[in-house]
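Notes follow in the order I looked things up.

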Amino acid sequence: MKNKNLLGKKIEDLRREKKISQGQLAKDAKLARTLITMIESGQRQPTDEALEKILNVLGIQLDAFYNLISDDVKEELTNKIENASTEAIIKMYRRVSHDN
C-alpha cells in the first residue's frame, strides 16, 4: 500500500471485490466519478458524508471499515520491522521514544 493512502486503497479494494466500477460506485453514492478516482488515488480525502455514502454502497459499516484499515496498518508495520536491520530498528525506536 505504499504511495497510496490507506483509506483510498481500502475503498478501491472493497469496490473491486464487489466488482463495481468507479462510475457505478459514483452513481449509486450520488458522487462524481472524478471524486471516487481522486479518493482512491490518494489525491483527496472524502468528507464524512462522502465516506458514509461510499461505504453504504459497498455494504460496510464505518467501524468495520476502520478495523480493516487498522489491520492493514499493523500488517504493514510488522512487515517493515521484520525486514529492517537492527540499526534501522534502533533508529526507529530512538525517533519514537524521543517524540514521547
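Which residues are exposed on the other side of α4? I found D48, E49, E52 and N56 there. I note at the outset that this is a predicted model.

**Entry: α4**

I then turned to the buried side. Helix α4 covers residues 48–58, and A50, L51, I54, L55 and L58 are its buried residues. Looking down the helix axis, I saw these buried residues fall within an arc of 130 degrees, so they line one face of α4. I next asked what covers the buried residues of α4. The cover includes α1 (6–17), α2 (22–29), α3 and α5 (62–83).

**Entry: the end of α4**

I followed the chain past the helix. G59 comes after α4 and has a positive phi, near 75 degrees. G59 sits in the loop between α4 and α5. Is G59 buried or exposed? Its relative accessible area is 62%, and the cut-off for exposed is over 50%, so G59 is exposed. I also checked G59 against L14, which is 45 residues away along the chain. Their C-alpha atoms are separated by 9.5 Å.

**Entry: the largest pocket**

I looked for open space next. The largest pocket has a volume of about 170 Å³. Which residues line the largest pocket? I listed D48, L51, E52, L55, N56, G59, I60, Q61 and L62. Helix α4 gives the most to this lining, with five residues. By type, the lining divides into four nonpolar, three polar and two charged residues. I cross-checked the list with the earlier entries. L51 and L55 in the lining are among the buried residues of α4, whereas D48, E52 and N56, also in the lining, are among the exposed residues on the other side of α4. G59, from the loop between α4 and α5, is in the lining too.

**Entry: α1 and the segment before it**

I took the length of α1 first. It has 12 residues and reaches 16 Å from its first C-alpha to its last, close to the 16 Å expected at 1.5 Å a residue. Its buried residues are L7, G8, K10, I11, E12, L14 and R15. I note that K10, E12 and R15 are in that list, and that Lys, Glu and Arg count as charged. The buried residues of α1 pack against α2, α3, α4 and α5.

Before α1 I stopped at N5. N5 has a relative accessible area of 17%; buried means under 20%, so N5 is buried. What does N5 touch, not counting residues up to four places away in sequence? I found I39, G42 and Q45. I also took the C-alpha separation of N5 and Q43, which is 8.7 Å for residues 38 places apart along the chain.

**Entry: L35 in α3**

L35 belongs to helix α3, residues 33–41. It is buried, at 15% relative accessible area. Leaving aside neighbours within four places in sequence, L35 is in contact with R44 and A50. A50 is one of the buried residues of α4.

**Entry: α5**

Helix α5 has 22 residues and reaches 32 Å from its first C-alpha to its last, close to the 32 Å expected at 1.5 Å a residue. Within it, F65, I69 and D72 are buried. Viewed down the axis, the buried residues of α5 fall within an arc of 55 degrees, so they line one face of the helix. The face turned away from that buried side carries the exposed residues D63, K74 and E82. I noted α1 and α4 among what covers the buried residues of α5.

Most residues other than glycine have a negative phi. I therefore wrote down the exceptions I came across. K19 has a positive phi of about 60 degrees although it is not a glycine. It is in the loop between α1 and α2 and counts as exposed, at 74% relative accessibility. K30 also has a positive phi, near 60 degrees. K30 is in the loop between α2 and α3, and its relative accessible area of 69% makes it exposed.

Terms used:
Residues numbered from 1 in each chain as written. Predicted model: local features only at pLDDT ≥ 70, side-chain atom pairs only at ≥ 80, totals over all residues. Heavy atoms only, no water. Helix = DSSP H or I, 4+ residues; strand = E, 2+ residues; numbered from the N terminus. Buried < 20%, exposed > 50% of the residue type's maximum accessible area, 1.4 Å probe, protein only. Contact = heavy atoms within 4.5 Å. Arc of directions from axis to C-beta. 1 Å grid on protein atoms, 1.4 Å probe; cavity = no way out; pocket = protein on both sides within 12 Å on 5 of 7 lines; lining within 4 Å. Points joined across faces, edges and corners; volume = space filled by probe spheres on them. Expected span 1.5 Å × (residues − 1).
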